[in-house]
Each structure stands twice: as structure tokens, then as C-alpha cells.
Amino acid sequence: MKVSEEQGFVLWFALGMFYRGWALANLGQHGEGVALMKKGLASYRATGAELGHSYCLTLLAEICLATGDIEEGHDFIAQAAEAANRHNDRFYASELYRVRGELLLKKSIAGERDPEHWFLMAVD
């Protein structure tokens with residue numbers, strides 16, 4: 001992040017911020033980590049970049065799942081699915097489906113398929 005900031009690599013700085021937040025969240029500093037992930041993702045998107053957006057949103061949803069923030073996790077996974085569909089971005093689709101199923105195990109959403117559907121999609 002330091003080199004990116006010094007050299008004006010805005011996109012790489014934003015991704016560094018996102019992944020630093022992800023690391024902090026996984027180390028138990030959930031509030032600070034999620035805030036940094038959100039800020040990094042917003043900065044990344046502000047550059048006009050879209051590649052990997054669904055991946056980042058899925059990581060955010062997975063952190064929410066771990067912290068018990070199921071509502072926000074559902075919001076992130078819905079955004080991830082929309083971004084993946086919009087850009088035909090499938091490299092992380094199986095994890096997107098798995099996390100969606102895990103979130104639905106915690107709380108069902110009206111009009112949403114059951115968790116088993118998403119787990120089978122992940123396997124496929």
C-alpha cells in the first residue's frame with residue numbers, strides 16, 4: 001500500500017486497503033476490518049474498475065456470516081450475484097453460491113430458494 005500510495009497507483013492502493021481490511025477481520029478485528037474493506041472496495045470502484053467486484057462482495061458477505069451480521073451478508077451476496085451476472089464473472093461462483101447457502105441456513109429470505117439449492121449449485 002505504501003508503494004502504491006507513493007507512486008499514485010490508486011487502484012492498487014484501494015485493493016491493498018480492501019485486503020488489509022479482510023486480514024484484520026479474519027484476525028478478529030471485525031469492525032475495523034469490515035470498514036476498511038468497504039472503503040477499499042468503494043475506492044476501487046471509483047477508479048471505474050469492475051473486475052473482481054463479485055469476488056470482493058462475496059468476501060465481505062463471508063465476513064458478515066462469521067460475525068453473525070446475516071442481514072448485511074445477504075445484502076452483499078445479492079450484490080455479488082448481480083455483479084457476477086452483469087459481467088459474466090464466474091471464477092468465484094462456487095463460493096458465492098456456498099456463502100449464499102450458508103447465509104440462508106442462518107435466516108431465510110422471502111422469495112429466496114432454499115440453502116440446498118445453492119449448495120448444489122456450488123458443487124456443480
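Visitor: How is the crossing of α3 and α4 described, left-handed or right-handed?
Guide: In this predicted model, α3 passes α4 in a left-handed crossing. A crossing gets that name because the near helix is turned anticlockwise from the far one by less than a right angle.

Visitor: And what makes α3 roughly antiparallel to α4?
Guide: Look at the angle: helix α3 (residues 30-46) and helix α4 (residues 53-67) pack at about 165°, and their axes are 11 Å apart. Angles over 145 degrees count as roughly antiparallel, so α3 is called roughly antiparallel to α4.

Visitor: Which residues make the contact?
Guide: From α3 they include Val34, Met37 and Leu41, and from α4 they include His53, Leu57 and Ile63. The residues of this contact divide into eight nonpolar, three polar and two charged.

Visitor: Why is histidine 53 called buried?
Guide: Histidine 53, which is found in helix α4, has a relative accessible area of 6%. Buried means under 20%, so histidine 53 is buried.

Visitor: What is histidine 53 in contact with, leaving aside its neighbours within four places in sequence?
Guide: Histidine 53 is then in contact with Leu41, Arg45, Ala83 and Arg86. Leu41 and Arg45 also belong to the α3 side of the helix contact.

Visitor: What is the average pLDDT of the protein?
Guide: The average is 93, and 99% of the residues score at least 70.

Terms used
Residues are numbered from 1 along each chain as its sequence is written. This is a predicted model: local features need pLDDT of at least 70, side-chain atom pairs count only at pLDDT 80 or more; totals for chains, interfaces and linings use all residues. Side-chain values use heavy atoms; hydrogens and water are left out. Axes are lines fitted to C-alpha atoms, for helices over the stretch in contact, and angles run from 0 to 180 degrees between N-to-C directions. Helices (H or I, at least four residues) and strands (E, at least two) are DSSP runs, numbered from the N terminus. Angles under 35 degrees count as roughly parallel, over 145 as roughly antiparallel, 65 to 115 as roughly perpendicular and the rest as oblique. Contact means heavy atoms within 4.5 Å. Ala, Val, Leu, Ile, Met, Phe, Trp, Tyr, Cys and Pro count as nonpolar, Asp, Glu, Lys and Arg as charged, and the others, Gly among them, as polar. Buried means under 20% relative accessible area, exposed over 50%, partly exposed in between (1.4 Å probe, protein chains only). pLDDT is the predictor's confidence in each residue, from 0 to 100.
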